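Please look at the sequence and the structure first.

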Amino acid sequence: MKSLLAALTIATFALAAPLAAQAQASAEPLDRIVAVVDEDVVLQSELDRDVSRITSQYAQNPQQLPPRDVLERQVLDRLILQKLQLARADGTGVKVSDAEIDRSMGQIAQQNGLDLSQLRGALSQQGIDYDQFRRNVRDQLIVQTLRQRIAQSRAQVSDAEIDSLIRNGNLRGGQLHLGYIVVNVPDGATPEQIDEAHAKAEDAKKQIDEGMDFAAAAIRYSSAQNALQGGDLGWRSRDELPPALADAADKLQEGQVSPPMRGPNGFHIIKLLGKRDGGAQMVTEYHARHILIKPSELVPSAEAHKKADAVRQKIASGEDFEKAAQESSQDEATARLGGDLGWFSGTAYGTRVAEQLQSMKPGDISQPFETDAGWHIVQLVDTRSTDKSGELQRDQAKTILFQRKAEDEYESFLRQIRSEAYVDIRLPGGNSAPPKSGAP
């Protein structure tokens, strides 16, 4: 559960006091504003809650965390950036549906071996409000969607770049699980600023060598966006990482920590947490049929659902699936083929179709479910595992180049919205500390 909570970005929190409670307000401490962020604010209660979440994780080793004022400023910087991202998402029409939030909540519960009611109980035992947790998930989904939009609009990969990566033999198999610390150097840094950042990185490495937990060192020293999550980058393909970091990781044994390395934006330290070999790239392929009932201006979604239910009932009563597809499916490309989609892999027809197929056995027929195209009924004909190593090479190269550019473009976007925003910090020390950014 700790890793679950750490993976969530910091969310918004609205404090409301009913009029009936105003009579006793003088006897209760008032929430105060610790930062003004354009049209929004960060409250002391938000800051305290997220600082407490981190300090509780290190209750047995509090000395590994930075001083309270430094930790508060690190958390506040992340809260500010979160507010700015959510505001930009709202201004550009980024939304997530209740159904998407429900699916994510279900996945979180499943990953922790719980159902939703058990998740609610587990959160309650840790003193975490379920509704606030759900809002955190919503905000995380919104930020992920914003990130995807920025990447798709700014990160372009040419065929020439793909050809060059393949031709030069720079595709390397396998995955690395890394911990990551970066001590930023500002643009146009003076020699003194570079020396100061280098000294800070060397001190971080010294503290780790003397027994400080790497995750605690990331919280204390790192400028990266994932610092408050202990610097954990998760599993990544070698080719997704900057070449210098991947090369350095290849020289480490599992558990070892690199010395500080100079990079374009500062000094980097990595810890190798694990390696996975590349090997054959086995992909599960599905052979399926489907029936599609489309909503329209004259046929609302609810009515389309009823029609799909009626078709499903006919199949359950013995009608052949292919015959039902020929007569009822509104997918012109497959209806005459009895709904046959042929062999395909992964999410070729979207995540909702993939989710259905993953839970089915050959011969199973799904209940109607909705996607952007309409209401579907799917029959799984068969599955197979195929080695796609050769065929996937070009897709792999494109994905690698896109992800590298997407990381850079989103970091540039974050610096842009931070520099353009009006931010008034009301903690002791105010606006003296620069905002943090940077991640590989």
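In this predicted model, four strands form an open sheet in the order 4-3-6-5 with antiparallel pairing, where two strands pair if DSSP finds at least two bridges between them, and strands (E, at least two residues) and helices (H or I, at least four) are DSSP runs numbered from the N terminus. Strand 4 and strand 5 stand at the edges with a single partner strand each, so one side of each is left without a neighbour in the sheet.

The model is predicted, local features need pLDDT of at least 70, side-chain atom pairs count only at pLDDT 80 or more, and totals for chains, interfaces and linings use all residues. Residues are numbered from 1 along each chain as its sequence is written, and side-chain values use heavy atoms, with hydrogens and water left out.

| Strand | Residues |
|---|---|
| Strand 3 | 175-184 |
| Strand 4 | 232-237 |
| Strand 5 | 261-263 |
| Strand 6 | 266-276 |

Strand 3 is joined to strand 6 by 10 bridges, and His177 stands opposite Gly274 in strand 6. Helix 10 packs on the sheet, touching strand 3, strand 5 and strand 6, contact meaning heavy atoms within 4.5 Å.

In helix 10 (residues 243-250), Leu245, Ala246, Ala248 and Ala249 are the buried residues, buried meaning under 20% relative accessible area with a 1.4 Å probe, protein chains only. Seen down the axis of helix 10, these residues fall within an arc of 165 degrees, taken from the directions from the axis to the C-beta atoms, so they line one face of the helix.

Technical notes:
Buried < 20%, exposed > 50% of the residue type's maximum accessible area, 1.4 Å probe, protein only. Axes fitted to C-alpha atoms, helices over the stretch in contact; angles between N-to-C directions.
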